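Please look at the structure shown here and follow the explanation step by step, keeping the chain letters in view as you read.

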Protein chains: 2
Amino acid sequence: MRKVVKAAQSKKRRIIQQHTRPTAMKFIYSFSEGKADMKSILGGKGAVLADMTRIGLPVPPGFTVTTETCHFYHTQKKYPEGFWNDFDIYLKALEKKSGKGFGSETNPLLVSVRSGAAVSMPGMMDTILNLGLNDKTIQGLIKKTRNERFCYDAYRRFVNMFGNVVLGISHEKFEEAMDGVKKAAGAKLDTELGVKELKRLVELYKRLVEKETGEDFPTDPYTQLKLAVEAVFKSWNNQRAKTYRKIHNITGLLGTAVNIQSMVFGNMGETSGTGVAFTRNPSNGEKEFYGEFLMNAQGEDVVAGIRTPQKISELKKIMPRVYSQLLEIQKKLELHYKNMQDIEFTIEDGKLFILQSRNGKRTAQAAIKIAVDMVKEKLISQNEAALQVDPMQLNQLLHPAIPASHRGKILCKGLPASPGAAVGKVVFTPEDACKWTENAQKVILVRKETSPEDIQGMFTAQGILTSMGGMTSHAAVVCRGMGKPCVAGCAAIQVDTKKKVFICGEIVVREGDTITLNGSTGEIILGEVELMEPKMSNDFKLFMSWVDKIRKLRVRTNADTPHDAKVARDFGAEGIGLCRTEHMFFQEDRIPKMREMILAKDTAGRKRALEKLLPLQREDFIGIFTAMDGFPVTIRLLDPPLHEFLPTTHGQVENLAIAMGVTIDDVKRVADGLHEINPMLGHRGCRLAVTYPEIYEMQVRAIIEAAIAAHNIGVKVLPEIEVPIIGMAAELKLIRRLVEEIINRYQNEIKFTVKIGTMIELPRACLTADELAPYADFFSFGTNDLTQMTFGFSRDDVGKFLPAYLDKGLLERDPSETIDRKGVGELMKICVKLGRSVKPKLEIGICGEHGGEPLSEEFCHKIGMNYVSCSPYRVPIARLAAAQAQLKFPRKASTSSA
Amino acid sequence: MRKVVKAAQSKKRRIIQQHTRPTAMKFIYSFSEGKADMKSILGGKGAVLADMTRIGLPVPPGFTVTTETCHFYHTQKKYPEGFWNDFDIYLKALEKKSGKGFGSETNPLLVSVRSGAAVSMPGMMDTILNLGLNDKTIQGLIKKTRNERFCYDAYRRFVNMFGNVVLGISHEKFEEAMDGVKKAAGAKLDTELGVKELKRLVELYKRLVEKETGEDFPTDPYTQLKLAVEAVFKSWNNQRAKTYRKIHNITGLLGTAVNIQSMVFGNMGETSGTGVAFTRNPSNGEKEFYGEFLMNAQGEDVVAGIRTPQKISELKKIMPRVYSQLLEIQKKLELHYKNMQDIEFTIEDGKLFILQSRNGKRTAQAAIKIAVDMVKEKLISQNEAALQVDPMQLNQLLHPAIPASHRGKILCKGLPASPGAAVGKVVFTPEDACKWTENAQKVILVRKETSPEDIQGMFTAQGILTSMGGMTSHAAVVCRGMGKPCVAGCAAIQVDTKKKVFICGEIVVREGDTITLNGSTGEIILGEVELMEPKMSNDFKLFMSWVDKIRKLRVRTNADTPHDAKVARDFGAEGIGLCRTEHMFFQEDRIPKMREMILAKDTAGRKRALEKLLPLQREDFIGIFTAMDGFPVTIRLLDPPLHEFLPTTHGQVENLAIAMGVTIDDVKRVADGLHEINPMLGHRGCRLAVTYPEIYEMQVRAIIEAAIAAHNIGVKVLPEIEVPIIGMAAELKLIRRLVEEIINRYQNEIKFTVKIGTMIELPRACLTADELAPYADFFSFGTNDLTQMTFGFSRDDVGKFLPAYLDKGLLERDPSETIDRKGVGELMKICVKLGRSVKPKLEIGICGEHGGEPLSEEFCHKIGMNYVSCSPYRVPIARLAAAQAQLKFPRKASTSSA
């Protein structure tokens, strides 16, 4: 083997001398050449196959075409020079190693062709098995295996897969042919078909290919292999793969690698089988060997969920030797990778082969338990544990569940495939899921089984229910990844996608009917159940205590009510980063007073109306200060333009006029006067205070009086007054003076510190941060508005073109979801730098929607910010993301700047 | 003298040791201590007085309190420690030098107290003359001068001025008392009053002061002086001064200096007099000693225009020796300052004193002629000439005039005080001028005489007509500065401000009647005359040829029609920097086709409608290319959101529905679908092309086909296609590909270069310029939108708060007028730097409104841009401003970056 590779390398060197090869690229690595740390060029699967080969596991031999080759193929629209030459060399070596000949009519080598990018994308890329079969090689295989039925079954599977994946013929057309043959044979299951039927099926399949493509099915194994490699490359850019990458924010990869591996067969009869196993329970994290297998089956039969598999413990009874070997291997793998492993294996005629091992997808609950257990087992450190849990996955733990005491009617029970609970209206297609969601409906997607094409619909649904498939079915795996409740394999229901109903015994559930899913128990409940707030496990608390020791960013919350403040504090919030006072004005008892203020003809009238709002705001603030006892509370002064508070319909205008004792024309005149063409860029925020200082005056009074009142009942108050829409230093100077003058009136009663700071939400604020800093005790990025101004997008209007931008790949991500580092992020960096240049200890945080988004948070950490603020349910996510940011990009103090 | 100063300095040093003085500041300079280059601390007037003293001119002795002292006074709200101490020392020195005693009852020293900032602000600051007079010192003065009448005249003037300026009593109240005395004496003119009446007037004035202030008129000269200094300081921040600074964009000054100078008297009888003279004619630039004087008068009599003065040449007859001395001095001054001088002089009992000399205000026509003549006289270089002309003043030459052949009825004739022609409706108060202008009316402000309080109204009026005052009256001086037509001293009319009419013989002209002013001839014409395009003089052409040799910035124009292109080219435009294609769609024959396109239900329908627009756009472009033969033409693809093209009223919607053969509901549905909450941040510019590429496709076809057609008839075409609202590289990449694909269709017919570039109008475009540059042949800053996004202001909505911002000084200037260097400018700098980092020769220009504004242009020059683009009439201004920018901030190449 070494000799062959050496020969190949020396030949390659000669080729380099003859032609100009692209940067002396090595296109191919055999499994024994590759290393674990070559993931970016071998892909995750290729690197693992190489790694497993290295540690002595029984991996079927093979080689990997690099992701660089794929990248070259996509960017140059051709293969690099010398590539196929090298390919031949490695194929020859594989023949030698396996002792079989590719295309041999006596002892044929069959191979699998699999994609594998650097980041795992399960189910998204295309796979071809049994490649190398044709009417001649099959004869060799039959002689070798003495199992003609298996061989023709493999052959018809290959033609089907190749026809579908490589030649693009719909799978349903093959199914039709299959159905016809089964019907004629009177067979119910595929396994009931005999050699004759399978042979006929191969012929029918080939004819189908001929009809659909206008060309014969390729019989030359080498041509098959070449086409298969190209198909894998192409699949990198198919819509499913792009969608998956979009949803999972996967960017920066070169492409996919292609793994060519000699086939082993789980369907060679009753001493063969195939399975998927986890080193720990991926659902609850228990330390148990967990998995499923099917005897006499190929791998995709398990994953696709077409047959319901057996539990892995059953294997002990059937093949005790193989089972104990598998137990050994799984232990070795977990120790080796220091993470829970998801293992694919095949037993060929009693011999165990490991096909794949990767970090297993798991529920949030499992992730926490596994991480905590592994620390207790001294397998990993606390830091490693913190990195093992995906912050976004914590959503699962942070969202409501179904109370045990619920009185909903349990319709039936499926597999508890992904925990959590969801309520929604039933829909039957991914398209409907998207459509209904766009119309603000929450939906449960009900399918027989799901496939990669359904990704978008699954993403928008609240939960998924399938009638087929197991715990490792597509639906189950994807839902666990997304942190979305899923009940899978619920055989009690019959799904009729055409009629848009599912039937459970006598009961017919139609599109639009509401059901509740319990992904943790598998129960399906008719109608809506009121869900229960989540409760944190002890493992979770322990885990989060480690996380909190690591992170440098503090985590606050955005909360406008004492209730939200309380929830957030329970989730570990260390203060309020944004309390929006205008939300308080929209309440039913307040909006009339707000309108009275707006309709007032002069300052005196406005002050009278504001005087009525003052005690109400004060009460709000007392509640919030009390809930946040000991932590800072940032209160933003009025931000939106006044017209937002005015009624819009004629009836409302009329009512307001009557209530205020003015004419309808008066109201309309005021409304017309306040109308703005671009309200986002209008008379709002501190601009209101420049023209009507009495509004902020009232608000500051309410804040200070509330703080004094709270302080006097023993609450530790740390009020921070925040001025919105600051674009120039002179504004902040003016408003700060206004605020300070009011605070000074209470001088004798104030026994606490009051900070005055500003939102940073205009590009100009970032660019003039050095001028703002002298008047600000803190900066808080309002990245929602900052993003809108920087892009010149309004979130209200972006719907007309942003979807097209994401579809066409003009934008990798919606910048309202993740901070746009190049544009908005650059302004933030400038701001931090300028602000700290005049005030080195300046407190800087973020309170936009990005605050609880891990990637954005990592950026905030990197540029040296002090805290993030996010919605209450995001607080634990933000805490974990902050810790991971620190582990990935260590910084010393909480104020150090990048 | 030296000894006194030295003593003062050593005393000062002692004081420093005793108290902490502010930064060892020198508060006062005598005229012989000061230097010409100390303008920033002595003010313009103080520096000139010192300079003139140094070159040996007969300047009355005095000293100057520094602007730093004024600044200290305003910021600390008190005088710096030691100031009055120093003041005493300098006052003692002045007594010694003049040989008179301050407060002396035998030989009293009288002084003038005048303001004087570093930048000249004529008429804006307050002046007090004859200070030091009281009932006792006047006796000494009478003994000295033996002219009791003069002394009491001086006394009553002093009480009047001091009462008005220092004590804030309205001038009219003094006038009332004067009128009463005149009436009683049967006198028509002030000069007809005798000693008795003047004495009585002094008493009446003092009583008036007592009544108005509740306190006696201050008799102690030292108290008078102290109060006068304080009044000058305070006047720095009065509303008039602030308005003047605002209008003239004067910022960054410390304050005003105060000049205390021994009085000389032009009103000491028939051998005394006072006058104002220019070294050249400020109206037409002729090299002639030009000016006016009044015998037996004080300076303000000339400036205020109350008495109509004599021409300076008359002085030769009256006082030939003084006249020839004055002639010598004016020559010396012009040689010394290398600029046309505006000289104030007084003759006291046959002795000439020079009170002031400064660069004279002049018309644009005069400025050009003087600059050109001085170069021909080898007095200055071409570069110095280019710096002598205020670019904004060229407006005067660039605006329409009255054709000689006009048939309007000439009502009467006044003085041609400021050239140019204006048409407008007559108003009689500055307030009305503002009010009418706000209602989109063009007005002519008609006044007896103008005063500094009228500034705002004068600024908004098209032209000014006064019935009194001469060529150096307030109205004349201010209008020349503003480049606004003015007819002054039109004695033929009587102005009745109360009744809002003016009468000329039998003819009554009422408020709202339209008149036409010819500021170049002094003619007033009833009704509207159609004005004539300006024609450039040979001097102007020569001057501009020098300018063009100096500048590094190229100057293009913003033009959407062949006509505008032609006008701009005549003004020297070197191409079109912005041709807005949407303006073409708004034309009556096109808007229906545009609407048909918008109402189309699919791409095919849109293409059909666009097909009809194509030949029209092509014709436009052929005209524009032809007009700009040999110069580049930048054409911007469609920018505004589509809803801007839809009708808004019900009637229009109905008509459209009928014309298009659809229902009203159809039209409304489309309009509703296109409605945007923030259209500025909506679906516009290249975003339209991402969703409807067929629009840009049509436009690119029209551009290329037009370019080919123009090329084929011998026009040299340099088309540049510009993409608006680019915010990310992927957009530009996509649109560039689209544009290139269309261009390639014409591959064989194109014999010229087509450039493709982008507007830079979003903050993100600036921040990602390095990513955009690879896809852009040029950048063009759209600073209108960039300013709006950076500030988060919409120009449509800013009216509700921007005036308050300017009033309160939160903004020094409207950033839509001058580029905000700190915010918007910073983004521009980042953009230029990043863009050129990947494409060092990248062509960068500006096409926003700022393009023709000299300060903004200076910034564009400094950051290394290649060209500016502005409206056709601004082109010469931009050419001159570009040259001045180069002279002030030299750079080597046109692409060098700052």
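This is a predicted model: local features need pLDDT of at least 70, side-chain atom pairs count only at pLDDT 80 or more; totals for chains, interfaces and linings use all residues.

Two copies of a chain are related by a rotation about an axis and a shift along it. Here, chain A is superposed on chain B by a rotation of 179 degrees with 0.4 Å of shift along the axis, and the RMSD is 0.3 Å. That is the relation of a two-fold axis. Within chain A, A:Asn678 has the C-alpha nearest this axis, at 2.0 Å from it. Because 100% of the interface residues of chain A are also interface residues in chain B, the copies meet through the same surface.

The contact itself can be described from several sides. Chain A gives 49 residues to it, and chain B gives 49 residues; between them the two chains bury about 4300 Å², of which 63% is on carbon and sulfur atoms. There are also 20 residue pairs in polar contact between chain A and chain B. Several helices of chain A each supply at least two residues of the side that touches chain B, among them helix H26 (664-674), helix H29 (729-745) and helix H34 (821-838). The largest share of that side, five residues, comes from H34(A). Sorted by class, the side of chain A that touches chain B has 23 nonpolar, 13 polar and 13 charged residues. Four salt bridges are found across the interface, and one of the bridges joins A:Asp770 to B:Lys822, with the closest N and O atoms 3.0 Å apart.

A:Asp135 and A:Lys206 meet through their side chains in a salt bridge of 2.8 Å, N to O. Because A:Asp135 lies in the loop between strand S4 (127-131) and helix H5 (137-145) of chain A, while A:Lys206 lies in helix H8 (residues 195-213), the pair ties together parts that are 71 residues apart in sequence. A:Asp135 counts as partly exposed at 41% relative accessibility, whereas A:Lys206 is buried, with a relative accessible area of 12%.

Another pair, A:Arg554 and A:Glu843, forms a salt bridge of 2.4 Å, N to O. This pair links distant parts of the chain, with A:Arg554 in strand S22 (residues 554-558) and A:Glu843 in strand S28 (residues 843-846), 289 residues apart. A:Arg554 is partly exposed at 28% relative accessibility, but A:Glu843 is buried, with a relative accessible area of 14%. Salt bridges that share partners join A:Arg554, A:Arg556, A:Glu720, A:Lys755 and A:Glu843 into one network.

Two residues of chain B deserve a look for their backbone angles. B:Lys378, a residue other than glycine, has a positive phi near 60 degrees; B:Lys378 sits in the loop between helix H14 (364-376) and helix H15 (382-388) and is exposed, with a relative accessible area of 75%. B:Ile725 is not a glycine either, yet has a positive phi of about 55 degrees. The place of B:Ile725 is in the loop between strand S25 (718-723) and helix H29 (729-745) of chain B. Is B:Ile725 buried or exposed? At 1% relative accessibility, B:Ile725 counts as buried.

Methods:
Residues are numbered from 1 along each chain as its sequence is written. Chains are lettered from A and ligands numbered from 1 in the order in which they are written. Side-chain values use heavy atoms; hydrogens and water are left out. Contact means heavy atoms within 4.5 Å. Buried area is the accessible area (1.4 Å probe) that two parts lose on being put together, summed over both. A polar contact is a pair of N or O atoms within 3.5 Å; within protein, one must be able to donate a hydrogen and the other to accept it, and residues adjacent in sequence count only if both atoms are side-chain atoms. Helices (H or I, at least four residues) and strands (E, at least two) are DSSP runs, numbered from the N terminus. Ala, Val, Leu, Ile, Met, Phe, Trp, Tyr, Cys and Pro count as nonpolar, Asp, Glu, Lys and Arg as charged, and the others, Gly among them, as polar. Buried means under 20% relative accessible area, exposed over 50%, partly exposed in between (1.4 Å probe, protein chains only). Copies are superposed by least squares on the C-alpha atoms of residues with pLDDT of at least 70 in both.
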